[in-house]
Every structure is written in C-alpha cells, then in structure tokens.
Amino acid sequence: MITLEQMKDAMNAGANVLSEDGAVLGPMGQLYVDDATGEPSWVTVATHTMGNPESFAPLRGAALAGRDVRLPYTHAKVYDSPKMSLDGHLSPEEEQHLLRYYGLMAPKDDAGTDQAAATAGIADSGRTADSDRADTDRSRDTDRTRTQSSRPEGDYSMTRSEEQLRVGTEIRETERVRLVKRVVTEDVTMTVQIRREELVVERVPVKDGVPFYDDGQNSYTEAERERLYSAVETAFNGDTVEVVLYEEKPRVEMDVVPIERVRVRREARTHDEVVSGQVRKEVIETERVEL
C-alpha cells in the first residue's frame, strides 16, 4: 500500500500514472484520501484530450515505479472508467459506482440475489437464518465502511506549476569560405612619350663671301674656302647625301609581379541577442461550493 507521504512526494516530483504494462497513462492529477482513515484511495489521470474530465483510478494494489505510480489495470480499463465531476469530493454513491466498475465491490444484482436467498429461508433453522442475516448485515457494513466518501488530499493546499524559458547556445555551421584564384583580363590604356627625329634644313645665305651668321668683320679662311669649293663642286656633280632619322616605338611587355597577399583567419565575436517565447502558468482561484 502506498503511503500518503509517498504519494505527496510523487506529486511534487511531477509523477506519471502507468498502466499494468508500464505504459504512461498520463500525468498525475489530484490525490483523493479516505474521509475516515486519511489514507490515499484514488488518483486522477488526464487520459483524454484537453477539456475532457480526468479519469479516476483506485490506488488499491498500486505500487511505485521510481517516482511514477503503477496501477494494476490496463490503459483501456482506466480510459473507459466512469467520469466523475472534479468538485473536490467523491460521494459514497460515486465511489461505489467506481468500485463496482474496477471489480472491487460486488454488483448490485449479486447483493440482491444474496438478500433474496437469505429472506427465502434457505437454512436449516431460524437461528441459521438469523445468523445469515447478521452476516449479510455485517457484509453491508463492511462495504459501507469500505466505500466511505473520499475527498482530495490537501483541500487547503495546491501545487501551482508554470513554464519557464531555458535558454542556451549551440554551435551551428553558418558559412564556409574558400580561397580560389581566377585569371581575368582587362583593357589597360597608358600614355607613353615617344621621341623621333625629323630632318630640318637650315639655309644660311652668304653675301660677298661672308655668311650672314658671321659678324661681317671676318671673311672665310683659306681652309674654309677650300671646303666650300669642294662641297659646291661635289654638289654640282650630283652627289646625294643621306641622313638616317630615328624614332621611338612603344613596346608592350607584360611582367607578373606580386600585388597583395590574402590571408583568412577566424575571429570569435560575441553580441547580445534578445530571445522571447510564450510560456504558460497556472493561476489558483478559490471557488465556493454549496454542499
């Protein structure tokens, strides 16, 4: 038999109610204790969807499985149990109805048959009939004692729960960087200064044997005159003087030179990020119940 302290500890730990094969029926709801003995007698479990009543299950024959409570009934048995109002108290009629469903109390038909057999005088003497009647009365008293009304344990206290955000961090791969060199072409226009030679003919007139560029004070020397006559004589002979002119041409050459070095490194930076979420919490309100 599970004690009241053990059931309280299980409720505070958020225990679940298990079926006989260990399957989870649902979280533990309310705990009902016997009005006469104060021992735990019933537990509710939410086996249905939200908004539907919870199912009552007797704690007779139940055992603790860790922090959970394991019942000696199947999931279908608890699921199909009669639904009672969760008004904070089980009447004797409601508890008898639940006990008959779980097979913990004889059905009404069997009790009527026993009573009819006793009143029909199926006995050897009147004392035997009286004895049977007395046994029947004691049996009824025992059933009445066993099916006294139950109330939820902790009428003046209730556990309130709420959801809390649990925020943490995890490492995820966000981006992968790879260095790749590609060759691209582009048009480059540059200005280059070019030099070239041009033929310039300067004519110096000579008057009276004195060139104009002279100051007129001096005349040609004999050597100069001989060179002049030699040149004139050569010119009259039809000689040709060739002068080679030169110019610069642009020449394009390409050199591969290093421009820059690219290096990739990782840095860990932190920033504050606001995380929000919607949580639910239970609110306890008091209600007056007319008895």
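Predicted model: local features only at pLDDT ≥ 70, side-chain atom pairs only at ≥ 80, totals over all residues.
Residues are numbered from 1 along each chain as its sequence is written, and side-chain values use heavy atoms, with hydrogens and water left out.

Colleague: Which residues of helix α1 are buried?

Modeller: Helices here are DSSP runs of H or I with at least four residues, strands are runs of E with at least two, and both are numbered from the N terminus. Buried means under 20% relative accessible area, exposed over 50%, and partly exposed in between, with a 1.4 Å probe and protein chains only. In α1, which spans residues 4-12, the buried ones are L4, M7 and A10.

Colleague: How wide an arc do they cover around the axis of α1?

Modeller: The arc is taken from the directions that run from the helix axis to the C-beta atoms. E5, D9 and N12 are exposed on the other side of α1. L4, M7 and A10 are buried, and they lie on the same side of α1 because they cover an arc of only 125°.

Colleague: How many salt bridges does the structure hold?

Modeller: Side chains of opposite charge can pair when their charged atoms come close. A salt bridge is counted when a side-chain nitrogen of Lys or Arg is within 4 Å of a carboxyl oxygen of Asp or Glu. By that rule, the number of salt bridges in the structure is nine.

Colleague: How many residues apart in sequence are the parts that E248 and R195 tie together?

Modeller: The side chains of E248 and R195 meet in a salt bridge, at 3.0 Å from N to O. E248 lies in the segment after α6 (222-236) and R195 in the loop between β7 and β8, so the parts that this pair ties together are separated in sequence by 53 residues.

Colleague: Is R195 buried or exposed?

Modeller: Its partner E248 is partly exposed, with a relative accessible area of 30%. R195 has a relative accessibility of 60%, and therefore counts as exposed.

Colleague: What accessible area does the nonpolar patch with L199 have?

Modeller: Patches are made of residues with over 30% relative accessible area and no salt bridge, joining like charges within 9 Å and nonpolar side chains (Val, Leu, Ile, Met, Phe, Trp, Tyr) within 5 Å. L199 is exposed, at 57% relative accessible area, and is found in the loop between β7 (150-152) and β8 (206-207). Together, L199, V201, V241, V243 and L245 have an accessible area of about 520 Å².

Notes
Areas by Shrake-Rupley, 256 points an atom, 1.4 Å probe, with all protein chains shown as cover.
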